[in-house]
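Here's a quick tour for anyone meeting this chain for the first time. Take a look at the model, then read on.

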Amino acid sequence: MARNYAALPYDYLEEMAALNDAEFGRLTRALLVYSMTGEPIALCGNERFYAKRVMAQEDRFRASYEEQIAVKRRERAMEQPQKEQEKA
C-alpha cells in the first residue's frame, strides 16, 4: 500500500524558524515531491540547508511505515490458515 502523504512534524516549525514563509513553503513543496517521486530536493535559497535533514527524516518515516505494513501482512497471513481451520 503506497503512502499518499509526506510527514511534516510540528518540530519543523521551531527548527526552521529562521526560514521566511516563502522559503518554508518551497521546502514543504519540495518535500511533497520528494515523498511522491523520490527525486532529491534541490533548492537554492536558505531552505537548501534543511533539505538533507528533511529527506533523511522522510526516508525514516517511509521505512517505518513500510515495516508496519509488512508486519500487518505477516499477521494477516498467519490468521488466514487459522480461520480456514475453524471453518472446517
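## Overall shape

A compact globule of 88 residues would have a radius of gyration near 12 Å, but this chain has 19 Å (taken over C-alpha atoms; the globule rule is 2.2 Å times the number of residues to the power 0.38). Its C-alpha atoms fill a box of roughly 65 × 25 × 15 Å along the principal axes.

The model is predicted: local features need pLDDT of at least 70, side-chain atom pairs count only at pLDDT 80 or more, and totals for chains, interfaces and linings use all residues. Residues are numbered from 1 along each chain as its sequence is written, and side-chain values use heavy atoms, leaving out hydrogens and water.

## Helix α2

There are 3 helices and 0 strands here (DSSP runs, H or I of at least four residues for helices and E of at least two for strands, numbered from the N terminus). In α2, the buried residues are E23, L27, A30, L31, Y34 and S35 (buried is under 20% relative accessible area, exposed over 50%, partly exposed in between, with a 1.4 Å probe and protein chains only). Seen down the axis of α2, they fall within an arc of 140°, so they line one face of the helix (the arc is that of the directions from the helix axis to the C-beta atoms). D21, R29 and M36 are exposed on the other side.

## The core

The largest nonpolar core has 13 residues, with M16, L19, L27, I41, Y50 and V54 making the most contacts inside it (a core is a set of buried Ala, Val, Leu, Ile, Met, Phe, Trp, Tyr and Cys residues joined through side-chain atoms within 4.5 Å). Both α2 (21-37) and α3 (48-87) supply at least two residues each.
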